[in-house]
Amino acid sequence: MYVVHSTFKAPEDKAEEVIAIYRNRSKKVDSANGFVSFRLLQHHKRPGELTVELQFETKEDYLEWVRSQEFKDIHDLEKKYPDQELANIVPTVRQFEVIINE
């Protein structure tokens with residue numbers, strides 16, 4: 001398994017707006033080869049700190065998704081979001097290979 005976390009800080013007063021965006025996400029990634037799951041995590045003490053967690057079967061599946069036109073289209077739309085404060089958020093991306101999965 002391969003897990004990717006994209007963590008970002010939204011203004012706390014806009015956290016619910018960001019969560020609503022993800023509740024209505026396009027779900028294009030769901031049909032990507034090797035896709036396993038999507039999660040949106042919210043820090044329990046800092047509500048504006050959110051993490052998108054994607055899980056894929058393999059690193060190669062994830063890289064195939066990142067190189068896809070669908071990925072590019074989604075991220076181009078994010079840059080055009082009307083609220084420029086949200087559109088300009090840059091996440092910290094961390095990638096993990098699952099070593100033990102019990």
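Start by selecting D76. D76 is partly exposed, with a relative accessible area of 37%. The model on your screen is a predicted one. D76 lies in helix α3, which covers residues 69-79. A87 is 11 residues from D76 along the chain, and the C-alpha atoms of the two are separated by 10.0 Å.

**Strand β3**

Next, select residues 49-56, which make up strand β3. How many of the eight residues of β3 are buried? Eight of the eight are, so the strand is largely enclosed by the rest of the structure. In a regular strand, side chains alternate between the two faces of the sheet. Colour the two sides of β3 separately. One side carries E49, T51, E53 and Q55. The other carries L50, V52, L54 and F56. Both faces are covered, and these residues are all buried.

**The strands paired with β3**

Show β1, residues 2-9. β1 pairs with β3 in the antiparallel sense, over eight bridges.

Now show β2, residues 35-42. β2 and β3 also run antiparallel, joined by seven bridges. Select Q42 here. Its bridge partner in β3 is L50. Then follow the chain from β2 to β3: a hairpin of six residues joins the two strands.

Zoom in on E53, in strand β3. Is E53 buried or exposed? E53 counts as buried because its relative accessible area is 12%, under the 20% cut-off. Show side chains here. The side chain of E53 makes a polar contact with the side chain of R39, at 2.6 Å. Another polar contact, of 2.8 Å, joins the side chains of E53 and H5.

**F38 and its surroundings**

F38 counts as partly exposed, at 21% relative accessibility. The charged end of R25 sits over the ring of F38, 3.9 Å from the ring centre.

Stay here for the aromatic rings. The count for the model comes to six aromatic pairs. One of them is Y22 with F38: the ring centres are 6.1 Å apart and the planes are at 25 degrees, so the pair is stacked. This pair links distant parts of the chain, with Y22 in helix α1 and F38 in strand β2, 16 residues apart.

**The nonpolar core**

Now select V18, V29, F35, L54, F56, Y62 and W65. These residues have the most contacts inside the largest nonpolar core, which has 17 residues. Which elements give two or more residues to this core? They are β1, α1 (15-23), β3 and α2 (59-66). β3 gives the most, with four residues.

Centre the view on F35. Not counting residues up to four places away in sequence, F35 touches V29, D30, L54, Q55 and F56. Finish with the aromatic side chains. Select Y2, F35, F56 and Y62: together they form one aromatic cluster.

Notes: Residues are numbered from 1 along each chain as its sequence is written. This is a predicted model: local features need pLDDT of at least 70, side-chain atom pairs count only at pLDDT 80 or more; totals for chains, interfaces and linings use all residues. Side-chain values use heavy atoms; hydrogens and water are left out. Buried means under 20% relative accessible area, exposed over 50%, partly exposed in between (1.4 Å probe, protein chains only). A polar contact is a pair of N or O atoms within 3.5 Å; within protein, one must be able to donate a hydrogen and the other to accept it, and residues adjacent in sequence count only if both atoms are side-chain atoms. A nonpolar core is a set of buried Ala, Val, Leu, Ile, Met, Phe, Trp, Tyr and Cys residues joined through side-chain atoms within 4.5 Å. Contact means heavy atoms within 4.5 Å. Rings of Phe, Tyr and Trp (its six-membered ring) pair if their centres lie within 6.5 Å; planes under 30 degrees apart count as stacked, over 60 as edge-to-face and the rest as tilted. A charge sits over a ring if NZ of Lys or CZ of Arg is within 6 Å of the ring centre and within 35 degrees of the ring normal. Two strands pair if DSSP finds at least two bridges between them.
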